[in-house]
Amino acid sequence: MKMFGLTGWSGSGKTTLIVRLIPALIRRGLTVSTMKHAHKGFDIDHRGKDSHNHREAGATEVLVSSPRRWALMHEIRDDEPELSLAELLPKMSPVDLLLIEGFKREPHEKIEVWRASVGKPLIALDDPSIVAIASDGPVPDAKVPVFDLGDEEGIASFIIARCALDRCGATGQAV
């Protein structure tokens with residue numbers, strides 16, 4: 001399974017770009033999954049639901065299944081560390097390409113989504129794992145290729161080439 005990341009500051013448009021990239025990559029015959037890092041706590045469960053009650057009662061894991069999807073929630077207790085990207089990868093089912101949103105400190109290759117209007121510095125200047133930038137305008141001092149933020153087809157082609165994927169699935173060595 002190949003993996004490639006999108007990173008950038010909050011509000012830069014990472015999720016919007018990923019949501020447009022997924023269909024562009026699928027149209028080229030690839031299977032695609034995503035992994036997203038959330039800095040704050042999040043919940044996919046709701047108070048009053050049975051699965052929420054199971055978690056609140058102390059269950060370490062709760063799996064919810066239906067005819068349309070399943071989800072496994074694993075509670076990280078206060079004395080447990082957050083899992084690293086390397087620890088999370090084996091939990092994913094194999095696909096041609098895993099798109100990773102966030103995890104900006106991890107060493108996998110990434111595109112930085114950058115907008116001057118966000119008012120944050122360019123991460124790519126100090127991070128060799130950033131191999132391209134997607135932006136809505138000029139990017140000062142860029143030392144890597146720069147794509148227009150709206151060019152999901154060009155970005156998809158770049159990711160496919162960078163990950164050595166063909167239009168029918170994965171090729172090359174596994175990550």
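Me: Are helices α1 and α4 roughly parallel or roughly perpendicular?
Reply: This is a predicted model. In it, α1 (residues 14-26) packs on α4 (residues 152-162) with axes 9 Å apart. The angle is about 70°. Angles of 65 to 115 degrees count as roughly perpendicular, so α1 and α4 are roughly perpendicular.

Me: Is the crossing of α1 and α4 left-handed or right-handed?
Reply: Handedness is a separate point from the angle. α1 passes α4 in a crossing that is right-handed.

Me: How many residues of the contact of α1 with α4 are charged?
Reply: From α1 come L17, R20, L21, A24 and L25. They meet E152, E153, I155, A156, I159 and I160 of α4. Eight of the contact residues are nonpolar and none is polar. The charged ones number three.

Me: Which strands are the edge strands of the open sheet?
Reply: The sheet has six strands with parallel pairing, in the order β2-β5-β1-β6-β7-β8. Its twist averages 25° from one strand to the next. An edge strand pairs on one side only, and that picks out β2 (32-36) and β8 (146-148).

Me: In β8, which residue is the bridge partner of S135?
Reply: β7 (residues 130-135) and β8 run parallel, joined by three bridges. For S135, the partner in β8 is D148.

Key
Residues numbered from 1 in each chain as written. Predicted model: local features only at pLDDT ≥ 70, side-chain atom pairs only at ≥ 80, totals over all residues. Heavy atoms only, no water. Axes fitted to C-alpha atoms, helices over the stretch in contact; angles between N-to-C directions. Helix = DSSP H or I, 4+ residues; strand = E, 2+ residues; numbered from the N terminus. Parallel < 35°, antiparallel > 145°, perpendicular 65-115°, else oblique. Left-handed = near helix turned anticlockwise from the far one by under 90°. Contact = heavy atoms within 4.5 Å. Nonpolar A, V, L, I, M, F, W, Y, C, P; charged D, E, K, R; others polar. Pairing = 2+ DSSP bridges.
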